[in-house]
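Please read them with the sequence and the structure at hand.

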Amino acid sequence: MRVDFATDTGAVRRSNQDACKCGTFSASSAWVVVCDGMGGANGGNVASTIAVERIEELLKSKFSEEMGQNNIKNLVINAVHRANDAVYETAKEKPELQGMGTTAVVMLATSGHLHVAHVGDSRAYLQNSDGLTQLTMDHSYVQDLVNFGQITKEEARTHPRRNIITRVLGVHNAVAVDYSLWDFHPGDVALACTDGLTNYIDDNLLEEYICDHGDQGKILTNKLIEYAVKSGGSDNITVAVVNNT
């Protein structure tokens, strides 16, 4: 396994409220956490940083390659719940941070499988022999409109209310976490990103970038960020890639 990530403030924002950590447990197991904070410049930075660090801490302390699939599922979901608790409690203790929150997407690749947990509108994708698949469904106002057939996916990317998130980590004392399990074979590429990328790129173009640069994760992350910035870069942009080498 190889893991790479890149993050950028973008062309408009003054601070970067995204946070990302990733790594490998061994040559055959890897993990990624991507968060997009919200709640003002300070609050967003704090929320995403706390969430990423808490999830990293739990994954590193609890994961074992001998774990079964159900135990890994429980681990990644519990890691997001622990992060929610940490952000929520911090906001309670510091009134100036009240209402802060963050998205979260967690990917854990091991034993031929990719475990994905998420809250919010940061996304995970899988590129394999069948093409590109979006693994997560946004918890957002515009995604609800898409689901009800009121707008298309393309219209959602430019909708004026696309930044309204319907589920967020850290704002309430509990949060529902979506989870899915996917096959992850040698040659496959998994990608996690914030909406600073997906607001500018459609699936066809993203697939082109992955096909062209998927075996060079660092180049891929940098090129995707470069594209988003050139396309407007109105938000922070973070991209992380897991190559199943």
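1. Strands E3 and E5 run antiparallel and are joined by six bridges. Within this pairing, Trp31 stands opposite Leu108 in E5. Two strands count as paired if DSSP finds at least two bridges between them. Helices (H or I, at least four residues) and strands (E, at least two) are DSSP runs, numbered from the N terminus.

2. This is a predicted model, in which local features need pLDDT of at least 70 and side-chain atom pairs count only at pLDDT 80 or more, while totals for chains, interfaces and linings use all residues. Residues are numbered from 1 along each chain as its sequence is written, and side-chain values use heavy atoms, with hydrogens and water left out.

3. Strand E2 (residues 18-26) pairs with E3 in the antiparallel sense over eight bridges, and Asp18 has Asp36 of E3 as its bridge partner. Two residues lie between E2 and E3, and the two strands form a hairpin. Strand E4 (residues 101-102) also pairs with E3 in the antiparallel sense, over two bridges; here Met38 has Gly101 of E4 as its partner.

4. Buried means under 20% relative accessible area, exposed over 50%, and partly exposed in between (1.4 Å probe, protein chains only).

5. The largest nonpolar core has 32 residues, and those with the most contacts inside it are Val33, Ile55, Leu59, Val80 and Leu169. Strand E3 (29-38), helix H1 (40-62), helix H2 (69-93), strand E5 (104-110) and strand E6 (113-119) each supply at least two residues of this core. H2 gives the most, with ten residues. A nonpolar core is a set of buried Ala, Val, Leu, Ile, Met, Phe, Trp, Tyr and Cys residues joined through side-chain atoms within 4.5 Å.

6. Which residues does Val80 contact, leaving aside its neighbours within four places in sequence? They are Ile55, Val106, Ala117, Val119, Leu169 and Val177. Contact means heavy atoms within 4.5 Å.

7. Asn84 is a residue of helix H2, and it is buried, with a relative accessible area of 1%. Its side chain reaches the backbone nitrogen of Gly170 at 2.6 Å. Not counting residues up to four places away in sequence, Asn84 touches Val168, Leu169, Gly170, His172, Asn173, Ala174 and Val175. A polar contact is a pair of N or O atoms within 3.5 Å; within protein, one must be able to donate a hydrogen and the other to accept it, and residues adjacent in sequence count only if both atoms are side-chain atoms.

8. Lys60 lies in helix H1. A polar contact of 2.9 Å joins its side chain to that of Glu56.

9. In helix H6, Leu206, Tyr209, Ile210 and His213 are buried. These residues cover an arc of only 95° around the axis, which puts them on the same side of H6. The arc is that of the directions from the helix axis to the C-beta atoms. Asn204, Cys211 and Asp212 are exposed on the other side of H6. The cover over the buried residues includes E7, E8, E10 and H7. At the N-terminal end, Asp202 caps H6, with a side-chain oxygen 3.3 Å from the backbone nitrogen of Asn204.

10. Four bridges join E7 (residues 123-128) to E8 (residues 131-134), and the strands run antiparallel. Tyr125 has Gln134 of E8 as its bridge partner. The hairpin that joins E7 to E8 passes through two residues.

11. The buried residues of H7 are Gly217, Leu220, Thr221, Leu224, Ile225 and Ala228. They cover an arc of only 125° around the axis, which puts them on the same side of H7. They pack against strand E1 (2-8), strand E10 (189-193), helix H5 (195-198), helix H6 (203-213) and strand E11 (237-243). Just after H7, Gly232 takes a positive phi of about 145°.
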